[in-house]
Amino acid sequence: MQQPPWKGIAEGRSAEDTGSGTTPEGPRRAPAGARRHRLLRAAALGSAAAVVLAVTASASTGRLLADTASASGPVSQGRSGAHGPCMISGELGVQMSEGIPTGPGYARSTGTVRALNLMVDFSDAPGEGSALDRLGEFFPQTTDWFRTSSYGRLDYRPEVPVPDWLRMPKPFKEYGIERGAPFDPGYRELVEDIVAAADPDVDFRAYDLVNVLITPNAGPSALDTVLSVTFAGNHEAPVADGVPVANASFVYSRQDDGSGSYDRTGYRVLPHENGHVFGLPDLYTRDGGGAVGHWDIMSEDWGANNDLLGWHKWKLGWIDDAQVDCAPARGTTEHLLTPLATRGGTKLVFVPTGARTGYAVELRTRAGNDEAVCRAGVLVYRVDAGVDTGQGPVTVTDATRDSGGCTRSPNVHAELSDAPFALGETFVDRGRGVRIKVAGVDLDGNYRVHITRAGKA
Ligand SMILES: [Zn+2]
């Protein structure tokens, strides 16, 4: 049977795990016990075949480009030529890339974005409590998170035209959305049934994205398996009111680690899933959060609140070109970084090292959405737009390797918690001829950084 060509971002799986009949493998960044559980499963899976996602991307892209190029990504901001070398891009075959600009088909990430919220239950998993209680697990926190992270550039409007549970016509288990079942056909059927149930009360043309908030008693606990998933940029999706349900996030279970923080932090699965809708890849890998730690919600969305990397904010249009210094040239340049969490000023220095790669440099402090930062300073990370979602497109450099980290916050990757470079410290990549020195701190808490590039310009 032909697979529907969906671009699915299946949580906890990498593209090669995704195939007809393979197992949707376990949780991402889950608490310690569950993570061990997942690693065992990952090892057991081995190289479980299938190329569904890769195939789909190429099969559908040509037509999508013409249809949707103007609608996705940040509202146009007239990028300047000076940033050309820093606008690294991926290549064909990368499903979801760190490249700038973001490819076509995703929801726009600036201005007013209308999010349709549908609460869904089943006869074998009837909603417990009201549908609006389920909504209340995610709002207004998600709206506030986006406002804070975007410096007000994303005006996220959650809308609820149907304030009750939408009962699906089949029991949950019959959709086959569980480990060991084919993945996409079940989702397609579920989306079609959701559309049919909501259509009398919903004009799907009015929304930029869809959040499907599944009753938490359907399926396994998120401590065991994270089923939450997003279909992003998918114009082969079922059609409603003449438009494909192209950008839809599904949230299952509750990301409750038992630490007592669920009410405050449990909503963060939704901004993570919506990050995919806006074109952001997963930064955790099958080994967990060791590549980026807690420095981006696309890496870790359990535990204490966190923000996005500056690179992602540039990609989304939340910081503009004037706030990004591009450093392609030989010699030494000086840059003044303001804290990423505060409004205004230079937020990012990018040092391109190729057409697809470079180092990003930013100042992280405990402020805004970044509540778990225990060592403020200059974060240096490598971005590779040629590496796909879930395969490690971003790697944070740890200024204090093997220190064990400085955090005691649960579900925060500890080793990388003290990754930033402090005053006087220098990042060095001899092979690529890049040195990044933290040269000074001013009275306002801004950091002076010296970038030195040797070799070929
Ligand atoms: Zn994800």
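Four strands form an open sheet in the order S11-S18-S17-S16, and the pairing is antiparallel. At the edges sit strand S11 (331–337) and strand S16 (426–429), each pairing on one side only. On average, neighbouring strands here are turned by 15 degrees against each other, direction ignored. Keep in mind that this is a predicted model.

Now into the sheet. Strand S17, residues 434–441, runs antiparallel to strand S18, residues 447–453, and seven bridges join them. Which residue does glycine 440 face in S18? Glycine 440 stands opposite arginine 448.

On to the backbone. Most peptide bonds are trans, and most residues other than glycine have a negative phi. We have exceptions to show.

Cis bonds next. Isoleucine 100 and proline 101 are joined by a cis peptide bond, omega about 0 degrees. Proline 101 is in the loop between helix H2 (52–68) and strand S2 (111–121). Phenylalanine 139 to proline 140 is cis too, with omega near 10 degrees. That proline 140 lies in the loop between helix H3 (131–136) and helix H4 (141–149).

Then positive phi. Aspartate 241 is not a glycine, yet its phi is positive, about 50 degrees. Look for aspartate 241 in the loop between strand S7 (239–240) and strand S8 (243–244). Aspartate 241 has 13 other C-beta atoms within 10 Å, so it is partly exposed.

Asparagine 411 also has a positive phi, about 65 degrees, and is not a glycine. Its loop runs between strand S15 (394–396) and S16. Buried or exposed? Asparagine 411 counts as buried, because it has 23 C-beta neighbours inside 10 Å and the cut-off is 20 or more.

Note on methods
Residues are numbered from 1 along each chain as its sequence is written. This is a predicted model: local features need pLDDT of at least 70, side-chain atom pairs count only at pLDDT 80 or more; totals for chains, interfaces and linings use all residues. Two strands pair if DSSP finds at least two bridges between them. Helices (H or I, at least four residues) and strands (E, at least two) are DSSP runs, numbered from the N terminus. Axes are lines fitted to C-alpha atoms, for helices over the stretch in contact, and angles run from 0 to 180 degrees between N-to-C directions. A residue is buried if 20 or more other C-beta atoms lie within 10 Å of its own, exposed if 12 or fewer, and partly exposed in between; C-beta atoms are placed from the backbone.
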